[in-house]
Structure formats: C-alpha cells, structure tokens
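Look at the model below.

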Amino acid sequence: MIEKTLVILKPCTMQRGLIGEIVNRFERKGLRLAGMKMIQLTDEILSEHYSHLSTKPFFQRVKDSMMTAPVIICCWEGVDAIQAVRTLTGPTNGRLAAPGTIRGDYSMSYQENIVHASDSPETAAIELNRFFKPEELFEYKQVTFPYIYACDEY
C-alpha cells in the first residue's frame, strides 16, 4: 500500500551540511518526494509536535535544539513508506544505530540524530497535516515505479 510519511531534517543536519546526502538516501531507496520546504520551528509548534515528551526532563532541551537553525520538512511516499523510512533512519540513539542506516552513518547522539520520522500511519497523518497545507503536497506519476516495484505492489 502506498503511504505518505513525514521526515524532518533536523538543525544538526543543516549545520553539518548533510541535507543532500540524507535526501539522496531516501531517493536511492525509491521513495517519491511529495513535498519539501524549509521552515524555522517555533516553541508553539514544537510543544504540540513533542507533546508526548512534555513530562520528560529533556523536553525543553529538545525544543531548544530544534530551534537552533531552520529545518527541512519532507513528505516521502511509497509502498510501506513509514516502515521503509524508519528502517533507513535506524534507531533513535545514533550510537546504537547500525552502519548503513542514516543515524548509524551520521549520528553519535540520542538527540542530535539527524532526522525525525513518523512512526505509524496515524502519526504520519497528524504530522503531515501539522506541517503541510494540502496544496503543498504533490501527486504526480513517478515513471520509475515499474522499475522499483512489481506491477501488483502499487
């Protein structure tokens, strides 16, 4: 099933000049970019986005980190895109992420771990709605799909 998922390239990615490197990893996998923009996150939107962490002692530190530079917000699409993206990114703690994953190759931190990725279809829908207006997400035929998937997969 074709899914859409949210990926945020965090300020650490911006500061380290890894944007193209990370976007390339998703493209090489065969995911289709449906939307992308650069924004400066605010305390208000981060309080909403990370509300599940609001009782944690590191809540403010995470929000502060996410406001140190602009971020790139992406919508990636593909068959089982949510799981495919999470497999590409690796576990949250970069020190524990396997080589070959984005975090395993570029992160040594639990917090400064290069990307945020939606963890479920429900979360993806909420997060995409939080960061994108409907007109900012694009539907188009990716001519490479028949070379990425079998004809009955998409």
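## The largest pocket

α4 (59-66), β4 (115-117) and α7 (121-131) each give at least two residues to the lining of the largest pocket. The model is predicted: local features need pLDDT of at least 70, side-chain atom pairs pLDDT 80 or more, while totals for chains, interfaces and linings use all residues. Residues are numbered from 1 along each chain, and side-chain values use heavy atoms, without hydrogens and water.

The volume of the largest pocket is about 540 Å³. Its lining has 26 residues, and Tyr50, His52, Leu53, Thr92 and His116 are the closest to its centre. By class, the lining has nine nonpolar, nine polar and eight charged residues.

## Helices α2 and α5

The axes of α2 (residues 19-29) and α5 (residues 81-89) come within 11 Å and cross at roughly 130°. The crossing is right-handed.

Arg25, Phe26 and Lys29 of α2 make the contact with Val85, Leu88 and Thr89 of α5 (heavy atoms within 4.5 Å). Three nonpolar, one polar and two charged residues form this contact.

Note on methods
Axes are lines fitted to C-alpha atoms, for helices over the stretch in contact, and angles run from 0 to 180 degrees between N-to-C directions. Helices (H or I, at least four residues) and strands (E, at least two) are DSSP runs, numbered from the N terminus. A crossing is left-handed if the near helix is turned anticlockwise from the far one by less than a right angle, and right-handed if clockwise. Ala, Val, Leu, Ile, Met, Phe, Trp, Tyr, Cys and Pro count as nonpolar, Asp, Glu, Lys and Arg as charged, and the others, Gly among them, as polar. On a 1 Å grid over the protein atoms alone, a cavity is a set of points where a 1.4 Å probe fits but cannot get out, and a pocket is an open set with protein on both sides within 12 Å along at least five of seven lines; lining residues have an atom within 4 Å of a point. Grid points are joined across faces, edges and corners, and a volume is the space filled by probe spheres set on the points.
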